[in-house]
Amino acid sequence: MAHAQTAQEEALSDLVNPLMGTDSSHGLSYGNTYPAVAVPWGMNFWTPVTGKMGNGWGYTYDAEKINGIKQTHQPSPWMNDYAAFALFAETGALKIDQDERASWYSHKAEESRPYKYKVYLADYDVTAEVAPTNRAAQFRFTFPKSDDAHIILDGQTGGSMVAIDPARRRITGYVRNNHGGVPDNFHNWFVAEFDHDFTVTRTWDDNGQLSADLKRKGGHVGAVVSFKTRDGEQVGVKVASSFISPEQAERNLTREIGRDSFDQTEAKAKAAWERELGRIEVSDPNIDNRRTFYSAMYRILLFPRMFHEIDAQGKTVHYSPYDGKVHDGPLFTDNGFWDTWRAVFPYFALVYPDLDSQIMQGLVNTYKESGWLPEWMSPGHRDVMIGSNSANIIADAYLNGVRGFDVETLYEAMVKNATTSQGRPKDKKGNVLTAVGREGVELYNQLGYVPYDAGINENAARTLEYATADFSLSRLAAALGKTEEAKKYAAQAQNYRKLYDPESGWMRGRNKDGSWMTPFNPYAWGDAFTEGNSMHYSWSVMQDVQGLIDLMGGDREFTDRLDSIFTLPPIFENSYYGSVIHETREMQIVNMGQYAHGNQPIQHMIYLYDWAGQPWKAQAHVRDVMAKLYSATPDGYPGDEDNGQTSAWYVFSALGFYPVTPTVGEYAIGSPLFQKVKLTMPSGKALTIEAANNGPKNVYIQSVTFNGQRHDKTFLTREALQGGGTLRFVMGPTPNKTWGASKAAAPFSMSAPGARK
């Protein structure tokens with residue numbers, strides 16, 4: 001009984017390991033994450049810093065020294081950070097240079113939780129702690145006996161201002177550092193309020209020269225406030241910020257922290273995590289799998305971040321990183337839809353329709369403020385990745401019952417993407433942001449594909465992604481009663497056929513005159529494809545898997561080709577990139593052949609067995625990937641985590657199903673990981689997923705029932721899942737090759753006979 005009681009009282013947020021994925025580098029990613037101290041979808045995160053200022057790898061697990069705890073908004077090391085500033089504590093002779101001040105630390109004296117970070121700064125005998133709110137945070141520094149105890153506020157390189165007000169025990173100011181995607185008037189205004197009087201106050205200039213000046217402005221300035229401390233004396237700092245104004249930063253401080261103690265802020269942050277993580281209750285004896293599951297869930301609940309604030313009248317307002325003005329309404333940022341459309345946004349549509357609605361209204365605001373939908377925003381439009389994947393998340397939301405946003409405006413924006421590439425935003429050097437809209441759309445609309453010889457990179461990948469986006473566009477058009485437009489885009493959703501090369505059996509770049517690109521090497525990364533090769537991208541026909549099966553010659557040929565991905569050697573050709581990119585290396589080293597789970601294009605592929613009469617192979621491979629490539633450890637991801645996407649694959653797969661096709665509200669069945677899971681749906685109804693006889697060797701489905709009714713289809717619908725009840729799997733050590741093997745059992749395809757509308 002004691003054991004059961006402990007499990008029941010277990011804090012889910014304490015199963016999360018925010019250090020999962022932090023043992024990463026530029027050359028090899030096991031997640032490329034950092035420990036984000038935050039509340040779900042918070043405007044600001046906080047993270048310890050072990051790296052150099054301005055380096056995207058701000059915290060790496062193998063580092064020996066720590067030099068600050070910074071406010072961060074970084075979605076990925078490849079995008080880097082913006083609006084960052086750091087706090088740090090020292091004793092003795094003051095050091096402000098980042099490398100000189102860095103203190104030795106140990107993971108044995110480090111506590112990393114979603115709601116709190118705590119570390120012992122060994123060189124100074126100081127313990128530093130931080131606990132977050134949405135737009136603010138509390139720090140607590142425990143000092144030894146010292147006549148020279150210091151707290152530094154480092155404004156970082158990229159434009160900063162600091163002002164010390166000893167009477168009010170405050171440091172205020174702003175930082176402007178960024179890596180693009182901001183207007184000229186971009187500022188992050190901050191206020192830091194201390195609970196001790198200062199004995200000495202100093203600021204430093206761009207040259208690192210200290211003086212008694214109370215105010216400094218420059219490229220990289222900072223402030224130092226000093227104290228005389230008793231042994232064990234704690235100095236508290238309440239910090240808040242705003243992208244709108246200094247007054248709004250004060251408002252955020254008062255509203256979100258006010259008179260709360262550090263412990264109260266920590267408890268509120270922990271409660272916020274418990275509330276969201278508690279939407280899914282896992283009962284299973286395998287503590288490692290539960291830790292991995294909740295660590296992955298934590299990552300899904302961080303991005304996209306709120307960029308809006310609450311004004312004096314209690315109204316939701318936001319500073320626009322598009323036009324530099326303050327507007328009414330919500331705005332979210334720090335997301336690349338190329339990654340997250342696949343599983344993160346389907347998760348929101350299923351479990352968080354109200355949040356999804358807010359994000360969609362934020363997209364309406366982005367379109368109104370910039371004239372275009374975002375594809376990668378951080379905080380404004382950024383010029384990275386390809387595709388028109390905003391179409392998928394918008395249509396998927398609406399078709400899955402999400403309401404409360406201006407869908408007609410978003411439909412207009414989607415059509416604009418599919419019609420013209422003229423008038424797209426430019427960067428500060430005047431270069432067109434080719435990642436916004438559809439690069440090559442005029443040629444795509446003329447030929448049905450983006451040609452290989454038109455000077456447009458990654459053209460085959462673009463064609464396949466545009467075709468999927470056209471499918472989503474056609475589905476939304478039909479739902480809005482735009483019948484002719486629905487037909488037009490449904491026809492374009494078949495454009496994937498134009499790139500299928502029957503001779504090689506793979507997707508291949510095509511020239512303007514219709515001839516194939518030569519030479520063709522299916523092992524070659526990049527060139528016509530994006531961060532992958534033809535073998536990875538040839539499965540990117542989520543809208544019409546049956547159509548792809550037909551092209552490849554039928555179920556047998558299709559499944560043989562799926563099998564080959566795991567049995568071919570992990571050879572590659574990387575001349576397009578000039579060196580071996582980390583995604584290639586991540587495929588090569590895990591002994592899974594050509595299967596490159598560390599990047600998004602192939603992550604859905606395993607589930608395609610469900611369309612071809614061999615769902616038992618999907619069951620085996622899904623469980624194999626979960627067991628081998630994920631763990632709640634610093635090297636716990638198979639590649640870049642990517643704003644929740646690689647985590648969402650795990651969370652869905654552990655539940656036993658995965659969203660392959662956008663907009664249709666169907667989830668392909670894999671193999672559930674746990675013995676019992678309870679999901680609380682948006683309506684409050686509970687869905688219980690049971691897996692009898694489940695275990696590491698019993699990965700195969702023997703039978704399925706849903707609310708007592710036999711279920712032989714290889715998919716589940718959103719309506720059924722949101723309706724609640726009991727989904728029961730019976731598992732075993734050998735495949736049941738008849739379950740789900742008929743064509744009638746397969747999930748949606750455009751080309752399937754009597755395709756479901």
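The buried residues of helix α18 (residues 615–629) are P615, W616, K617, A618, Q619, H621, V622, R623, V625, M626 and L629, where buried means under 20% relative accessible area, exposed means over 50% and partly exposed lies in between, with a 1.4 Å probe and protein chains only. Because 11 of its 15 residues are buried, α18 is largely enclosed by the rest of the structure. This is a predicted model, in which local features need pLDDT of at least 70 and side-chain atom pairs count only at pLDDT 80 or more, while totals for chains, interfaces and linings use all residues. Residues are numbered from 1 along each chain as its sequence is written, and side-chain values use heavy atoms, with hydrogens and water left out.

**Confidence**
- The chain averages a pLDDT of 97, and 98% of the residues score at least 70; pLDDT is the predictor's confidence in each residue, from 0 to 100.
- Over residues 1–8 pLDDT stays under 50, and the model has 0 contacts beyond four places in sequence for this stretch, contact meaning heavy atoms within 4.5 Å.

**Enclosed helices**
- Helices (H or I, at least four residues) and strands (E, at least two) are DSSP runs, numbered from the N terminus.
- The elements that cover the buried residues of α18 include α16 (555–567), α19 (645–655), β33 (700–706) and β36 (725–732).
- From its first C-alpha to its last, α18 reaches 21 Å, close to the 21 Å expected at 1.5 Å a residue, the expected span being 1.5 Å times one less than the number of residues.
- Helix α12 (residues 459–479) has 21 residues and reaches 30 Å between its first and last C-alpha, close to the 30 Å expected.
- Since 19 of the 21 residues of α12 are buried, this helix is largely enclosed by the rest of the structure; α12 is followed by G481, whose phi is positive, near 80 degrees.

**Helix packing**
- Helices α4 (residues 262–277) and α5 (residues 287–300) pack at an angle of about 105 degrees, with their axes 11 Å apart; axes are lines fitted to C-alpha atoms, for helices over the stretch in contact, and angles run from 0 to 180 degrees between N-to-C directions.
- The two helices α4 and α5 are therefore roughly perpendicular to each other, a class that covers 65 to 115 degrees, whereas under 35 counts as roughly parallel, over 145 as roughly antiparallel and the rest as oblique.
- W273, E276 and L277 of α4 make the contact with Y294, M297 and Y298 of α5.

**Nonpolar cores**
- The largest nonpolar core has 207 residues, and those with the most contacts inside it are F293 and W539; such a core is a set of buried Ala, Val, Leu, Ile, Met, Phe, Trp, Tyr and Cys residues joined through side-chain atoms within 4.5 Å.
- Not counting residues up to four places away in sequence, F293 touches I280, V282, Y650, V651, A654, L655 and F674.
- A second, separate core of 6 residues includes A136, A240, A249 and I257.

**Individual residues**
- N365, found in helix α8 (residues 353–370), is buried at a relative accessible area of 9%, and beyond its neighbours within four places in sequence it is in contact with H318, D328, G329, P330 and L331.
- K713 lies in the loop between β34 (709–710) and β35 (715–717) and is partly exposed, with a relative accessible area of 36%.
- The C-alpha atoms of K713 and S742 are 8.5 Å apart although 29 residues separate them along the chain.
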